[in-house]
Amino acid sequence: MDFSFTEEQTLLRNMVQGFLQDKYDFETRRKIVSSDEGWRKDYWQEWAELGLLAAPFSEEQGGLGGGAIDTMVIMEEFGRALVVEPYMETVVLAGGFLREGASEAQQAAHIPGIVAGENVWAVAYAEPQGRYNLADLVTTAKADGDGFVLNGYKAVVLGGPWADKLIVTARTSGGQRDSDGVSVFIVDKGAAGVSARDYPTVDGRRASEITFENVKLGADALIGEAGKGLPLVEKVIDQGIGALCAEAVGGMKELNDATVEYCKTRKQFGVPIGKFQVLQHRMVDMFMSYEQSVSMTYMVNMKMDEGDVERTKAASGAKVQIGKAGRFVGQQAVQLHGGMGMTDELNVGHYFKRLTMMDTLFGNVDHHLKRFTNAA
Amino acid sequence: MDMSFSPEDLAFRDEVRAFIEEKFPREIANKRSRGDMSKEDILAWHRILHDKGWVTPSWPKEYGGVGWTITQRYIWNEECARAETTPLLPFGLSMVGPVIYSFGNEEQKARFLPGIRSGDDWWCQGYSEPGSGSDLASLRTKAERVGDEYVVNGSKTWTTLAQFADWMFCLVRTDSSVKQQEGISFLLIDMKTPGITVRPIITMDGAHEVNEVFLEDVRVPAENLIGEENKGWTYAKFLLGNERSGIAGVARSKKAIERLKVIAGAELIDGQPLLDEEEFSRKIAEVEIDLAALEVTELRTLASESRGKGPGPESSILKVKGTEVQQRITELTMEAVGNYAFVYSPHGHEQPGNNFVPGPDYSIGASQNYFNMRKTSIYGGSNEIQHNIIAKMVLGL
Ligand SMILES: Cc1cc2nc3c(=O)[nH]c(=O)nc-3n(C[C@H](O)[C@H](O)[C@H](O)COP(=O)(O)OP(=O)(O)OC[C@H]3O[C@@H](n4cnc5c(N)ncnc54)[C@H](O)[C@@H]3O)c2cc1C
């Protein structure tokens with residue numbers, strides 16, 4: 001039993017923290033979010049140079065051989081600074097598909113571009129009718145020669161506007177919600193027949209609605225076996241959940257610290273409001289929610305390589321925990337800041353919004369309670 | 001005990017329903033939120049009701065009240081909510097208006113009440129200050145009597161829709177040497193007076209609803225003082241009681257639950273309507289039950305008010321429970337729209353640019369609405385403060 005970080009992991013944390021303290025203060029983030037681009041490509045390059053984009057890939061793949069815990073460390077720091085760049089989409093998710101399911105040839109073709117910061121990816125898995133069900137797909141890929149033809153519509157593709165490559169899930173056989181028949185493809189966003197409409201999200205990012213119209217894909221676009229992609233999708237999304245939990249923990253930590261600090265300094269009725277016992281207990285509940293979330297985050301990231309059932313329970317359990325905790329901590333942080341908590345000016349509302357959206361991302365509390373219950 | 005409508009009540013319902021149907025401007029109904037409406041949009045319905053003589057149903061008859069029974073007022077609110085008419089702004093009609101007819105002199109009544117009724121005067125509430133929110137009585141904006149004027153210096157904040165306001169009712173300190181509550185006065189300030197600066201505060205949902213108001217050597221005629229100097233706290237509290245019960249919003253919440261059900265009926269989960277899913281439908285049922293309880297609680301309060309008791313500390317129950325219900329409904333609505341909760345929908349005051357807003361119409365602004373409604377447990381006296389009031393005034397703790 002050991003809950004300590006290795007020396008390398010501590011160095012990694014210090015490096016990310018140092019970067020963000022220097023270059024990602026809240027005012028800088030505000031500028032990034034309101035810029036036309038919406039993200040910092042130059043930072044992305046710096047992260048490539050610092051090795052952050054290589055972290056979870058094996059050494060053979062040109063990476064640093066870090067595991068889920070390294071990703072957790074990075075994402076927690078990103079959560080504290082409300083980083084908007086598509087690390088989750090590119091390195092964790094698209095990277096996850098390539099690591100876990102792709103052939104050596106596909107890995108050789110695509111991982112170097114991620115590690116070098118040349119390619120940015122987005123993952124188009126959600127559809128309007130599908131809600132959080134990863135198998136509920138209307139998008140189809142029909143066999144065509146030794147390749148496929150892709151048709152369909154994907155909703156709320158996070159990081160879509162920044163991406164040049166996409167991972168797309170589509171049905172190659174079976175009924176709309178069958179487990180069998182789901183396939184995973186690599187698609188160039190610039191390919192003929194791909195069109196995207198972009199828009200901002202409430203948590204300071206960008207997303208796209210993407211239409212695929214007779215997009216021709218070669219045989220080398222398919223990741224894994226045709227029709228057998230769902231377990232891979234589940235696994236990679238669970239890795240995303242592990243990373244997201246870490247991001248949430250980072251955000252909650254910042255909110256809790258800010259709230260305690262505010263309640264120590266804000267005076268009403270001649271005393272710091274932190275003297276009111278009802279607020280003290282509220283902050284204690286926030287703190288306990290945070291600690292429970294840290295535990296679940298460690299847990300899920302340590303169980304990433306267990307069997308499917310074990311991993312599913314860990315991921316859904318952790319997602320439920322951070323969904324509930326994020327909601328409570330976010331709402332109460334706003335409440336305890338009074339009118340200030342409602343403003344766009346203060347960072348509190350921005351953490352609250354991000355934590356709120358984290359519950360939606362990859363399926364909300366209800367979805368994961370069900371998934372947890374149904375996992376064997 | 002009887003909660004049923006009489007034949008007269010039903011006839012009244014038909015009458016007001018027909019009136020709303022005929023007169024409420026549909027093009028306004030389609031605008032999403034106050035944030036996107038112009039001043040005239042917001043006022044349009046007010047003016048129509050004024051022409052009809054129905055804009056101040058709860059005022060005493062002599063000041064323009066309609067003399068409706070509480071049942072009729074209830075029916076009226078229900079019908080307005082049902083048709084989703086523009087909510088009337090409370091600042092004139094339910095806040096300062098009653099203060100003026102209860103505590104103002106005849107000249108003030110003659111001067112200010114017509115503008116409140118017609119909507120020609122837009123009022124804003126100058127209570128909160130940067131240092132005085134929950135502890136309102138600690139307010140520091142100072143008014144010094146110089147000849148027949150007050151000279152006002154200080155700043156107010158969170159002032160809702162002050163960007164449109166013609167007048168502000170303002171709590172000011174006129175005596176610093178006595179107990180806080182005993183040195184406060186209630187002043188009516190013309191927003192066009194030199195020395196007043198209004199600066200926007202953008203809230204986290206992107207809306208421009210609130211403002212900071214700076215007052216620098218603002219000269220206010222002494223005739224704009226309501227009641228007696230240094231007695232303002234009494235009037236201020238009277239107003240807060242009205243404000244609190246006004247926040248409950250029962251009829252509007254009913255409509256919002258109806259909408260939520262329509263959305264949950266259209267959204268799919270594994271091919272079935274979300275509304276049919278047990279977890280989600282139970283969550284709707286829970287908030288519906290909370291609202292049903294609140295509705296009767298409000299009617300009980302109104303009934304005792306109509307027997308001559310003003311809104312007492314019980315109005316704090318309405319404020320707490322009403323805002324909890326509103327927040328819950330907006331939260332469930334956001335939850336219902338699923339992934340499209342991510343979409344940001346720009347406000348009217350923002351630069352037109354990328355205005356692509358995907359997803360079904362009902363999902364537009366769902367999460368921003370939820371973010372915005374977090375304000376309701378903060379304003380009007382925070383919900384923690386309402387708990388303190390009930391603990392002290394009702395339970396005697
Ligand atoms: C959207 C919006 C619109 C508003 N519109 C107006 C307006 O038009 N005019 C106007 O005058 N004001 C307006 N307000 C201001 C509102 O009334 C204040 O925000 C509110 O009174 C709380 O004050 P505060 O923000 O200073 O928070 P604080 O008083 O600093 O409170 C911070 C936290 O401490 C808690 N707290 C404080 N004292 C106690 C206590 N004794 N016991 C337990 N908990 C306590 C509060 O509940 C809150 O959670 C508006 C506010 C908002 C958010």
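The legends below describe views of a predicted model.

Residues are numbered from 1 along each chain as its sequence is written, and chains are lettered from A in the order in which they are written. In this predicted model local features need pLDDT of at least 70, side-chain atom pairs count only at pLDDT 80 or more, and totals for chains, interfaces and linings use all residues, while side-chain values use heavy atoms, without hydrogens and water.

**Figure 1. The fold of chain A.** Chain A holds 11 helices and 10 strands (DSSP runs, H or I of at least four residues for helices and E of at least two for strands, numbered from the N terminus). Its radius of gyration is 21 Å, close to the 21 Å that the globule rule gives for 376 residues, so chain A is as compact as a globular protein of that length (the radius is taken over C-alpha atoms, and the rule is 2.2 Å times the number of residues to the power 0.38). Along the principal axes, the C-alpha atoms of chain A fill a box of roughly 80 × 45 × 45 Å. Of the 376 residues in chain A, 59% are buried (under 20% relative accessible area, with a 1.4 Å probe and protein chains only).

**Figure 2. Where chain A meets chain B.** In this view, 50 residues of chain A are in contact with 50 residues of chain B (contact means heavy atoms within 4.5 Å). The two chains bury about 4200 Å² between them, and 58% of this is on carbon and sulfur atoms (buried area is the accessible area, 1.4 Å probe, that two parts lose on being put together, summed over both). Arg131(A), Gln335(A) and Met342(A) supply 18% of the area that chain A buries against chain B, more than any other three residues.

**Figure 3. The surroundings of Asp120(B).** Asp120(B) lies in the loop that joins helix 6 (106–118) to strand 1 (123–126) of chain B. Beyond its neighbours within four places in sequence, Asp120(B) has contacts with Arg47(B), Gly115(B) and Asp166(B). Leu43(B) is 77 residues from Asp120(B) in sequence, yet their C-alpha atoms are 8.9 Å apart.

**Figure 4. Ile247(B) in helix 7.** Ile247(B) belongs to helix 7 of chain B, residues 232–247. With a relative accessible area of 11%, Ile247(B) is buried. Not counting residues up to four places away in sequence, Ile247(B) touches Lys319(B), Thr323(B), Gln326(B), Tyr379(B) and Gly380(B). Arg73(B) is 174 residues from Ile247(B) along the chain, and 16 Å separates their C-alpha atoms.

Key
Buried means under 20% relative accessible area, exposed over 50%, partly exposed in between (1.4 Å probe, protein chains only).
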